[in-house]
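I went through them one at a time and wrote down what I found.

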Amino acid sequence: MRDILFPSLKRQLQDYGGNGPADGVLTGDVHRISSVEYIDQNPIGRSSRSNPVTYLKAYDEIRQLFSRQALAKLRNLKPGYFSFNIPGGRCEKCEGEGEIKVEMQFMADIHLTCDACGGKRFKEEVLEIKYKDKNIADILELTVSQALSFFGEDKSGTAEKKIVEKIQPLEEVGLGYLRLGQPSNTLSGGEAQRVKLAFFLSKGAGNDPTLFIFDEPTTGLHIHDISKLLHALNALIEKGHSIVVIEHNLEIVKSADWITDLGPEGGEQGGELVFAGLPEDLISCKDSHTGHYLKMALR
Ligand SMILES: [Zn+2]
């Protein structure tokens, strides 16, 4: 998937240079998709300055909303004042990090809560601006689920509606428990992958048909979140996209329209095509371990 399918498709579709398999390896209705995305478990950002809401661009809307509160207007606090990435409203002692890193010579760095802002990342004049009793630091502490009900209360507000629309996909991929301001570098690989999926869900309909390749998206997921993930994957399909999933999880395997089973064993004893076809035909394939377990899963 990663070394052959992805680079070959990318070359064919986007005139992508780079090293890859020779042209002509891929045949079929390639023209029916117009781009390809490989959704892996690599971090969405290595810094503590990005987080799920900045990645989904929901933070822009939240800053706008705060700058429109009466006290903010009075103090002439523009949306930029509610950013922890640029000077203005952020605490300058910690530069909006909320903590100070102390480098130790022979030990891991120590992180101390910033004593100037008490870890709140902003100046007092900014923290005094409230939207429904919450300041910007309180908002960043909300979980995705809490934020959805908090901003969803006001059905008439267009800003609130936009915020809800942008955050909703995080809930849909089973990340309702993440805090809005959770630094990206603290997310697990599986969580980072689902934030990326949420990003594509938030883009809405009307995009060019894309082939998404997912590498083991159920890693670290609770059983009840797997059904949410399936739901999210189906939402992409309903928008006209196609999906290839590399997966061992039988809940995902049995939901596929087409299965390519490689084996017969793992690692060096594998790599052969054992089966390709419909899930209901795989269960009668005697050489397939997947088929054996799938039979039990389908019972
Ligand atoms: Zn500070």
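**Entry 1, a residue in a helix.** I am working from a predicted model, and I began with R63, which I found in helix α3.

**Entry 2, the helix pair.** I then asked how α3 lies against α8. I noted that two packed helices are described by the angle between their axes and the distance between the axes. For α3 (residues 58-67) and α8 (residues 158-172), the axes come within 9 Å and cross at roughly 160 degrees. Angles over 145 degrees count as roughly antiparallel, so I recorded α3 as roughly antiparallel to α8. The crossing in which α3 passes α8 is left-handed.

I next wanted the residues behind this contact, and on the α3 side I wrote down A58, E61, I62 and L65. Their partners in α8 are A159, E160, K162, I163, K166 and I167.

I moved on to α9, which runs over residues 189-202 and has 14 residues. From its first C-alpha to its last it reaches 20 Å, which is close to the 20 Å expected at 1.5 Å a residue. How many of its residues are buried? I recorded eleven of the 14, and therefore described α9 as mostly covered. Charged residues are among the buried ones, including E191, R194 and K196, and the list also holds G190, A192, V195, L197 and F200. Looking for what covers them, I found that the buried residues of α9 pack against α8, and also against β1 (35-39), α2 (52-55), β4 (210-215) and α10 (223-238).

Last I looked up G263, which lies in strand β6 (residues 259-263). With a relative accessible area of 0%, G263 is buried. Leaving aside neighbours within four places in sequence, I found G263 in contact with Q269, G270, G271, E272 and V274. I also checked F275, which is twelve residues from G263 in sequence and 9.0 Å from it in space, C-alpha to C-alpha.

Terms used: Residues numbered from 1 in each chain as written. Predicted model: local features only at pLDDT ≥ 70, side-chain atom pairs only at ≥ 80, totals over all residues. Heavy atoms only, no water. Axes fitted to C-alpha atoms, helices over the stretch in contact; angles between N-to-C directions. Helix = DSSP H or I, 4+ residues; strand = E, 2+ residues; numbered from the N terminus. Parallel < 35°, antiparallel > 145°, perpendicular 65-115°, else oblique. Left-handed = near helix turned anticlockwise from the far one by under 90°. Contact = heavy atoms within 4.5 Å. Expected span 1.5 Å × (residues − 1). Buried < 20%, exposed > 50% of the residue type's maximum accessible area, 1.4 Å probe, protein only.
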